[in-house]
Each structure stands twice: as C-alpha cells, then as structure tokens.
Amino acid sequence: MKDAGILIIGAGQAGYQLAVSLRDAGYEKRVLLIGDEPDLPYQRPPLSKAFQSGDCEAGQLTFQTEAFYASRNIELMLGVRILHIDRERRQVTTGDGRCIEYDHLVLATGARNRLLPGWDSTTTGLLTLRTLDDARGLREALNRSKQAVIVGSGFLGLEFAAVAAKRGVGVRVIEASSNLMSRAVSSPVADAFREHHESLGTTFSFDRGVSSIHTEAGRVVGAQTTDGVLHEADLLVVSIGVIPNVELAKEAGLETANGIVVDLNLATSDPSISALGDCAAFPSRFANGHCRIESVQNAVDQARYLAQRLTGHTHGFEAVPWFWSDQGGVKLQIAGVAMNRADELILRGDRAGLKFSAYGFSKGQLVAVESVNRPADHMAARRLLAAHAPVTPAQAADSQFDLRTLLQPVA
Amino acid sequence: MRIKVDATKCIGAGLCVVAAPEVFSQNEDDGLVIVLQEYPPQHLHEACREAARLCPALVISFDE
C-alpha cells in the first residue's frame, strides 16, 4: 500500500480536530478530511443559541479559514458523500464515483436527527436542527413565528425554546417523559430549569407525544398530542434526539450497537479503521459498559487522543466527560455521564437562587455532578472525577468542606 | 485590537488558552477565561482571532 495516509470521513468537530491534532503531533503523510456538508467545518453549539437570537452570523462559526487547511497540508473535500468502504483494498467510494485509498480510515460520521413519523420536509414551518443549513431555515422561521411548538425537551430543544420565548414567541414544549432533560439530568436540576423556562412564559405538556401534524396549504398550523389536544403552531421544531450514522460501518461489516463499536483505543475490529465522536460507542470507566457521548468535549478529547495513538503513542482514552447547556442565560455544566445511575443525590448551594450543584453517587461513589451557575463546583468536579477522588456523600453535603482538599496527596 | 469577553457565557473549555496562551488563561477555581493582555501586540492578533473562532460558547470578541 503506497502512502495513502489517513482518511477522515466526517468534517464536524471530531473530524476537524483530528486533522489538526495529527499535524500538531507531527504526522507528515496525507491527511484527507471529507464531509458531506458544503460549509467549511464549523461550531454546532451556537446554532441553537447565539445564531438563533441573531447574536452571531455564520462567518463566526467556522473553525478555520480555507487558507489554514492549505497551510497545514490538510486536504478538504466538502459536499462529498462516501457510499462504500472496501476494507480489503483499503479504499472508499465517493458519491461521484471516485475511489480513494487509505492507510488508516477514521469514521467521524456523527449523527442525524430523529424525525417524527409523517415527516414532510416540504412543509413550511416543520423543522429540525442539526446543520448550519437547518439553522438558517430555523432562524428565518423564528423571525416570522408567533406560536411555536417544540417536540422534545432535551438540551437543544430547550436552548431554542429560551431564545424563542425571550423574543416574545409563544412557546409550548411537548415531552414524552415526565420531566425536562430526563435522559440526562437529575430531578432537582430539571425542576430548576423548568421554573426558569416557565418564568420566560414557556408552557410544557409532559407525558405526551405528537400524534399528528396539522397543515394547511403546505404550512404547519398545529400539532395534536396523544391526549387529543390540538396545539396551534406556525412553527413546529422536532428535537427528539439523534441516530448515529453507522450505516457505512455496518455495510462494511463492522460491529454497531447504538454507534460504531470501538475499544478503549477508539479502534474497531479492523486494525485500519477507528471511529470517534457522536457516532462512536466506546467503553468508559465513567459509564456502565459502552457509551456514546454527544458533546464538544468528547469530540475534541477523542480526536486529540486518537491523533496521539495514530502517531505512535499508546495508552487508553480516559478523558473526563463534561458537557454544558446555556438556556436563556442559565448555565448548566455537567461532569460525568452517569447521573442516571445515581442512587443518592446531594445538593449544595442555593437551589432557590438557581446557583447550586447536584452530586450524584452510585453505591457511595461519585459518578456525576450537575452545576447550575456554579462553575467553580464544576471545575472541581472534573478534577475529582479524573483523580478518582474518594468523595463521600457526607463531604458533598457539608458546605463548609472544600472538596478540592481531596485532590491533595495524603500526607 | 481590544479583547472583550463575556464571562457569563464561558464554560471553561480552555480552547482559547490552547490557541493563544500569551493572551488567555483560565481561572484555577472556576475555569473561566482570564484575559492576560487586553491590548495584545500585533503578532498575536491572528492567534486571538483563532481563539475567538474555536470558543464553543462564542465568548471572545474584539474592538479593532
């Protein structure tokens, strides 16, 4: 095999960071970054926040200029889909019929939005949010909207809800479970955010799904929920989670299970193929078995790690997962991913004043910390989790006890 | 160029520090951005612009 170099499929946060980190680590052979979106690689987090409120434009979202990639000898192929991987010949086939060889292939294919049954992309006002293109359409629709219904109360839906409510749009959030962000976040924190959203004028329907979408002349006019109520809407945003893009891997015979399955080295069962980011299911000591983490931190840390591994440094991937969400100015930071495993929850701080943290313990071990407007607690939590510090629930409950003392070596 | 930061949006990702360590640092305790040089010298301007682009919370802006 000639020097075909490293081919990265997916030019999102993970793919971009991997390309840069490979060059930072001194990798000198070909680095080819291929993405199916036409835009230069860009930030996704602001798409549901500052971009929707008009506080930033698309130009501020790109990670780097085109000249940057040329200067680092990173080849970019944008607007190109990969249709097939030939593992034996170590080459991929593009949508326009080209064959590209690789020494090592990295799948950073990310995820796509889950949609409601009966989805029709031609219906005006029926929208979802993942890409810059989606975000442009959504912002335009928001500018014309008076009454929005948002399906799904995860981080993305709630961030958008806050932007819409702050600009005077009537917002109703439909949620299948009994609380906000219920997949990821503890009850006290969910309740605090619910109060905050309600103070902005947003209303919630819990334990409900959407049974049908009502349209007139090709535009959304309402959403009917499973209790029979028809909610008027000129904008219906579907934010019910994502499906990892595993199809290419699966077709190539790689194992997939809620993501492309990789080991602690982010390697698939094929020694020439790795995967990372939103599409990859990897074993983490912070979760129970394999997990797939959708966050900037995970994409960036895994990319930096993989660049090290592909340039000859070997050790397992161990970064502490952390995440943030900004909902109408209330900042939520989360360290660790296993809050849903917590059998004991300790609160610290001022719950009523929306400045508090929730410490989750599973069998006496700290597994996750959610901080609402308490960044110092969050930074300490990242360090405590990284260090396996022996935090006890009693220590977390004692507001006079400085948890950072647990980071110091015992005398 | 004058550096402006909105610390209320900062979530301690630290990407600014990686891009321009002469200009940005992180508070030890809460991870929030610290601007070391409000008026950085010319040769650091490009690194500062990169820091602004890489920040996932869009905290950094400029008066040029």
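**Entry 1: the strands around A:Gln224**

I looked up A:Gln224 and found that its bridge partner in E15(A) is A:Leu230, where helices (H or I, at least four residues) and strands (E, at least two) are DSSP runs numbered from the N terminus. The model I am reading is a predicted one, in which local features need pLDDT of at least 70 and side-chain atom pairs count only at pLDDT 80 or more, while totals for chains, interfaces and linings use all residues. Residues are numbered from 1 along each chain as its sequence is written, and chains are lettered from A and ligands numbered from 1 in the order in which they are written.

E14(A) pairs with strand E15 (residues 230–232) of chain A in the antiparallel sense over three bridges; I take two strands as paired if DSSP finds at least two bridges between them. These two strands form a hairpin with four residues between them, and in the turn I noted A:Gly228 with a positive phi of about 90°.

I then followed E14(A) to strand E13, and found that six bridges join E13 (residues 210–216) to E14 (residues 219–225) of chain A, the two running antiparallel. Here A:Gln224 of E14(A) stands opposite A:Ser212. The hairpin of E13(A) and E14(A) has two residues between the strands, and A:Ala217 in this hairpin takes a positive phi near 50°.

**Entry 2: two open sheets**

Which order do the strands of the five-stranded open sheet follow? I read E9-E16-E10-E11-E12 in chain A, with parallel pairing. Its edge strands are E9 (126–128) and E12 (203–205) of chain A, each of which pairs on one side only. Neighbouring strands of this sheet are turned by 25° against each other on average, direction ignored; the axes are lines fitted to C-alpha atoms, for helices over the stretch in contact, and angles run from 0 to 180 degrees between N-to-C directions.

Within this sheet, strand E11 (residues 170–174) of chain A pairs with E12(A) in the parallel sense over three bridges, and A:Val173 stands opposite A:Phe204 in E12(A). I also noted that helix H4 (residues 132–144) of chain A lies across E9 and strand E16 (235–238), running at about 135° to E9(A); contact here is taken as C-beta atoms, placed from the backbone, lying within 7 Å.

The other open sheet I checked has three strands in the order E4-E5-E6 of chain A, and its pairing is antiparallel. Its edge strands are E4 (82–86) and E6 (99–101) of chain A, each pairing on one side only, and the twist averages 25° from one strand to the next. Three bridges join strand E5 (residues 91–94) of chain A to E6(A), and A:Thr93 stands opposite A:Cys99 in E6(A).

**Entry 3: helix H1 of chain A**

Nine of the twelve residues of H1(A) are buried, a residue being buried if 20 or more other C-beta atoms lie within 10 Å of its own, exposed if 12 or fewer, and partly exposed in between, with C-beta atoms placed from the backbone. Among the buried ones I listed A:Tyr16, A:Leu18, A:Val20 and A:Leu22. What do the buried residues of H1(A) pack against? I found strands E1 (6–9), E2 (31–35), E3 (74–78) and E7 (104–107), together with helix H8 (296–310), all of chain A. Just after H1(A), A:Gly26 takes a positive phi of about 90°.

Is A:Met181 buried or exposed? With 23 other C-beta atoms within 10 Å, A:Met181 is buried.

A:His388, likewise a residue other than glycine, has a positive phi near 55°, and lies in the loop between helix H9 (375–386) and helix H10 (393–397) of chain A. A:His388 counts as exposed because it has 10 C-beta neighbours inside 10 Å.

Key. Contact = placed C-beta atoms within 7 Å.
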